[in-house]
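Subject: Handover of a structure

Hello,

I am passing this structure on to you. Please look at the sequence and the model first; my notes follow below.

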Amino acid sequence: MSPEINKQLVAFLEEGRAVLDDQLDRSVPPLGTYPPIIHEALRYTLLLPGKRLRGILVLAACDLVRGKRDAALPFACAVEMVHAASLILDDLPSQDNATLRRGKPVLHKAVGEANATLAAVSLLARAFGLIQGNRLVRDRVRNEAGEVLSRGIGTEGLIGGQVVDLESTGKELDLDGLEFIHSHKTGALFIAAAELGVLAAGGRSRDREALALYAKNLGLAFQITDDLLDYSGDPEVTGKDAGLDRDKTTFVNLCGIDGARQLVDDLINASLGYLLPFGKRSSLLRSLAEHVRRRDR
Ligand code: GRG
């Protein structure tokens, strides 16, 4: 990546994060709203510093097809709310039993399991509220956006991947099984994000399909880099537990470090291929893919 493109990407990521942080903060009731415990819980994981990559993907996909940023922002916040809900549920003792998330104790340690679960459900409800409340897009777009997000979350998306993941704990998996889990647990929300960006822009279905495939490959590559970071990463830097996947098949323990890195390269190269029809306009999404290839947090 040239220094100039890298500078543009860093600026885009920083700006996207700031816009999303601000808009997410306004999209949930302020602290102290009655009943205070659930509003504290609702804000906790959502507003801790995250990379906001999925929300940024919504904005970048919208930009690519010359959409208006304002129309994409509610969809981007909805995706980040779904992501936060998935982190809260994933961290529960009955699921990954994590202790650390976004550099802080997991939500259920702060407010108890019942309130953490209720906060996740309310984030999901709010996400669909944001989609339905987006008056800057046509009715048809709102309806399709709701369907896209619901598919991304449901049993053919995040939940499907999580169920297979939980069932596979302690068992050996082959590459196909592992890819199923992560293309659903992680890839599905990346795909939904890219589709929502194109939808917000009123883009063509052929653009939506190309960007969904870009996001599918990017999402899986992101998960493999997550495994690589889990293996060698520092919790001080990643903000989450290292080594939680010890009893699970991961891309690193199945393919080795070099094999996992090769998979990342193949997936990133495939994702770049889907951007070719967009020519120069796709330079930001191309550099985003390169950023995922090299990420260290
Ligand atoms: C009902 C929404 C819902 C989900 C139920 C719990 C569950 C099913 C799925 C788990 C999905 C999950 C947590 C996948 C892991 C994806 C992943 C790589 C998370 C880390 O993402 P980052 O690094 O985190 O982007 P930040 O904190 O930066 O946002």
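**Threonine 225 and its surroundings**

Leaving aside residues up to four places away in sequence, threonine 225 touches Val264, Val292, Arg293 and Arg295, where contact means heavy atoms within 4.5 Å. This is a predicted model, in which local features need pLDDT of at least 70 and side-chain atom pairs count only at pLDDT 80 or more, while totals for chains, interfaces and linings use all residues. Residues are numbered from 1 along each chain as its sequence is written, and side-chain values use heavy atoms, with hydrogens and water left out.

Threonine 225 is part of helix H10 (helices are DSSP runs of H or I with at least four residues, strands are runs of E with at least two, and both are numbered from the N terminus). Because its relative accessibility is 4%, threonine 225 counts as buried; buried means under 20% relative accessible area, exposed over 50%, and partly exposed in between, with a 1.4 Å probe and protein chains only. The side chains of threonine 225 and arginine 295 are joined by a polar contact of 2.7 Å (a pair of N or O atoms within 3.5 Å; within protein, one must be able to donate a hydrogen and the other to accept it, and residues adjacent in sequence count only if both atoms are side-chain atoms).

**The ligand**

There are 21 residues around the ligand, and Lys51, Arg54, His83, Arg102 and Gln223 come nearest (a residue is near if one of its heavy atoms lies within 4 Å). Lysine 51 has a polar side-chain atom 2.6 Å from an oxygen atom of the ligand. For arginine 54, a polar side-chain atom lies 2.7 Å from a ligand oxygen atom. Helix H4 (69-91), helix H8 (158-168), helix H9 (175-200) and helix H10 (205-232) are the elements that give two or more residues to the shell around the ligand. H4 supplies the largest share, six residues.

**Backbone details**

The peptide bond from tyrosine 34 to proline 35 is cis, with omega near -5°. Proline 35 sits in the loop between helix H1 (3-26) and helix H2 (36-47).

Arginine 52 is not a glycine, yet has a positive phi of about 60°. The loop between H2 and helix H3 (53-64) holds arginine 52, which counts as buried because its relative accessibility is 1%.

Asparagine 97, also not a glycine, has a positive phi of about 50°. Asparagine 97 is in the loop between H4 and strand E1 (100-101) and, at 44% relative accessibility, counts as partly exposed.

Regards
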